[in-house]
Amino acid sequence: MEDTSDKCFRVVGTEGSGAEHPSASSERAGGKAENGDPAEEPLLSGAAGTAQSEEDSEQQAAVKEQEQSSVAQQGRPGEGPGNPEVTGNNKQDVFEPDAPFRASFESTSPVTNENCSTLPKVRNSEREEETSQNSVLSENTASGAVTGSVIEDNETLRSATANLDETIQPEKLCLDQEHFPGKAVQEDYHMPDVITVRVQTDSDSFQDVVVKIERPTYQKPFLGGFKNKITGVEFHNAGSQTIPKKRLDKGIQLFCRETQTVFEKNKPQQTNNTTSTQMSKVGLYVSVVTDKIISPGKYITADEYHEHRLQAVIVLQKYFRRWHAMNIVQKLREKKRLRLAWEAQEELQKKKEKEKKLRRENERRLNPKTKEDFELLYHALELWRQEETERINRTYTGAERKAALCGLLEEEAQLIASIGRHKLNADEENQHKAILNFLDKCAQPKRWKAYDGKVTEMDTPNILRARELLEIYNSISMDDIAKDERIDVLGILRLTVKEHECKLTQEILELIDREVDLMSREVKECNLEGLRKRICTLFLQYVKTPKFNPEVAKILKVPPDPLKLYKNVNFCHSCESYLPSTEFPVPANSCTFGRCHLCCKLDNEARQRDAYLKYKLLLENLRKSEVDYQDGAKIVFLVQHQDLQYMIENIWGSQSALSACSDLYDLVMVRWDKRHEWSPWNTILLTKDEADEHLKLCDLQKAYEAVFINRIKRKHIRTKKYFAQIPAMASFLHRTDN
């Protein structure tokens, strides 16, 4: 604890040979108490004290001379953690252990430091003497002397101050009667950086030790404290940090978790409950209205008790099993309901898909537009002809039969002519769509995707030029437009074509002038259709020229080198034309080139009229599924739709191997053993649902019966015999056998 009061004093120790300055530690020890209680702290009273003798008065002069001849350095009381501290204004103190504490002062107002046990006895007398003595004190300072006994070497100042009957007088006191009546005011004190302490090294020798004062670099924190209500002195808590003492390793574990963990156990106990009863006696009546007469029942043996418990358990088991069975039945019903609903939904979905497929086929037959549509139309015509022929042969004979067959032939010719007209219209419409798609592809802006997912579009000058030509072509191709609008369109076309001078542009300009001249003469539009078609055809040729439309060069098919075509040119014996090899169909069982695609198509329309659309779809789905395996399948891309048709019709009977479903739109071909590549001798024809379940199987021997497996293997052997004639397939056959 620190004394922060405003009082300041200087303590001077005297000895027979001369006055010595007590050290800071000795002065602090004289003003300390053992604990931090305010009642036990030293009290500084301006009135309490002991009258000094005349001998002490005569020594005042000697004390002053000793002060002036000393090192002129005065000490300061030290600090200690948790102890009171009294501050002085001495610059340097010198301490001699053997010198008694004596103090002389100029005034008659001593400050007595007494033991804490004598404090309650003299407190009242001190207050009375303080009032009387302060009246004669001067406003100047005074010197003090401390008298006491010699401290032994084995004693500490703290223990010594508790037993010494000493008196400490302030050397310099200031009184301010206006603000602090009856109290001494401490002056400002500044601690020096270095103090000198005199230590006795021998019986008659002393040694001066220089002590350096270390000042804290931070503001001292307030740790609490207390105040003496009698003297008004405040004591603050102080603290210090020292290096902890390192414990020696004795090789024994002193701290462990077992000795520091508490294991608690809870044990219930039945405590006694004291009760009492009241009986009737002389002078006391107890009512028996609420009493009950209890008669003993039938005695139940242990076997009977356990039998009763067993019956009760059986009853509980019955109810529990009934509840459990009801839950199981309810779950089964729910699963059955969901299964039936799913099956109904799947059946409805299949029915809708089938109806949609039929509507699409009917639409294709009514409005054919593609080659596949006309194949279906010719196939339907052939089926109708066969049915009519069978009906005529079954119904009529002789001349009537011949007449009916002639009528059937005329109807067939009319239907073929009608199909031809539809085909011409479809070809014209398809050609117009192809031209528009071609021009629109040239006018598309350049697109690229940025890192943030946004698509950026850019139009180059060539793209803008292609877009302008596309708009002009759409304008001149329009029908049923006004005369003035047609003239404006032709004017724009004239300005566009005039930019380049060549034979093609001159011909276009001549045709434009001719149409304008005929329109000025009020010629009918039906007579101008041929002229307008010529203008559209020539302008399309103009647009497809890279010189006039640079963007079209990226889309046009560049003709290959004619010298390289000699190696891939083949002769068609039907149309007697030399065509590249890409124009010839190559079945898997053929060794030479036969007829070209166009001749095969004409022969099919005239004679067989087969529809290969279903087989083409089957082959396309098969190739997609094989690509998903990503195992480098090759055989599936060598097989053509004619080969697939032969396999389905002659080997598999156009039906599923499991359910015998004959709808080709619902059938697919998958691998028989999914661990190996697809091949005609490693396949099976199933419906889509059956194929999904088949591909989930891991062991075919356990999943299927031996009879079914042998039937599939026989089909595979027949397929091998058919494809063994092909050299390319023969190599795969030998690889599979090995």
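**Opening question and basis of the model**

Between which helices does the loop that holds R609 lie? R609 is found in the loop between α15 and α16, where helices (H or I, at least four residues) and strands (E, at least two) are DSSP runs numbered from the N terminus.

This is a predicted model, in which local features need pLDDT of at least 70 and side-chain atom pairs count only at pLDDT 80 or more, while totals for chains, interfaces and linings use all residues. Residues are numbered from 1 along each chain as its sequence is written, and side-chain values use heavy atoms, with hydrogens and water left out.

**Residues with positive phi**

Most residues other than glycine have a negative phi. R609, although not a glycine, has a positive phi of about 60°. R609 counts as buried, at 3% relative accessibility; buried means under 20% relative accessible area, exposed over 50%, and partly exposed in between (1.4 Å probe, protein chains only).

A660, in the loop between α18 and β17, also is a residue other than glycine with a positive phi, near 60°. A660 is partly exposed, with a relative accessible area of 43%.

**Helices α8 and α9**

Helix α9 comprises 45 residues (398-442) and should span 66 Å at 1.5 Å a residue; its end C-alpha atoms are 65 Å apart, which agrees. The 25 residues of α8 should span 36 Å, and the end C-alpha atoms of α8 are 36 Å apart, again in agreement. The expected span is 1.5 Å times one less than the number of residues.

The buried residues of α9 are L408, E412, I419, K423, A426, I435, F438, L439 and C442. Their cover includes α8 (371-395), α10 (461-476), α13 (529-543) and α15 (597-608). In α8, the buried residues include D373, F374, E375, L376 and L377, as well as E388, T389 and I392. The buried residues of α8 pack against α7 (302-366), α9, α15 and α16 (613-629).

**Nonpolar cores**

A nonpolar core is a set of buried Ala, Val, Leu, Ile, Met, Phe, Trp, Tyr and Cys residues joined through side-chain atoms within 4.5 Å. The largest has 37 residues, and I648, W652, W672 and I684 have the most contacts inside it. Two or more residues come from each of α16, α17 (635-638), α18 (641-651), β17 (667-671), β18 (683-687), α21 (706-723) and α22 (727-737). The greatest contribution, 5 residues, is that of α21.

Leaving aside neighbours within four places in sequence, W672 is in contact (heavy atoms within 4.5 Å) with N682, T683, I684, H694, L700, Y704, F708, I709, I712 and H716. A second, separate core of 30 residues includes I435, L439, L540 and V552.

Strands β15 (residues 569-572) and β16 (residues 577-580) run antiparallel and are joined by 4 bridges; two strands pair if DSSP finds at least two bridges between them. N570 stands opposite L579 in β16. The hairpin has 4 residues between the strands, and E576 takes a positive phi near 55°.

C572 counts as buried, at 0% relative accessibility. The closest cysteine sulfur to that of C572 is in C575, at 3.4 Å, too far for a bond; a disulfide is a pair of cysteine sulfur atoms within 2.5 Å. A search of the whole structure finds 0 disulfides. C526 is exposed, with a relative accessible area of 52%.
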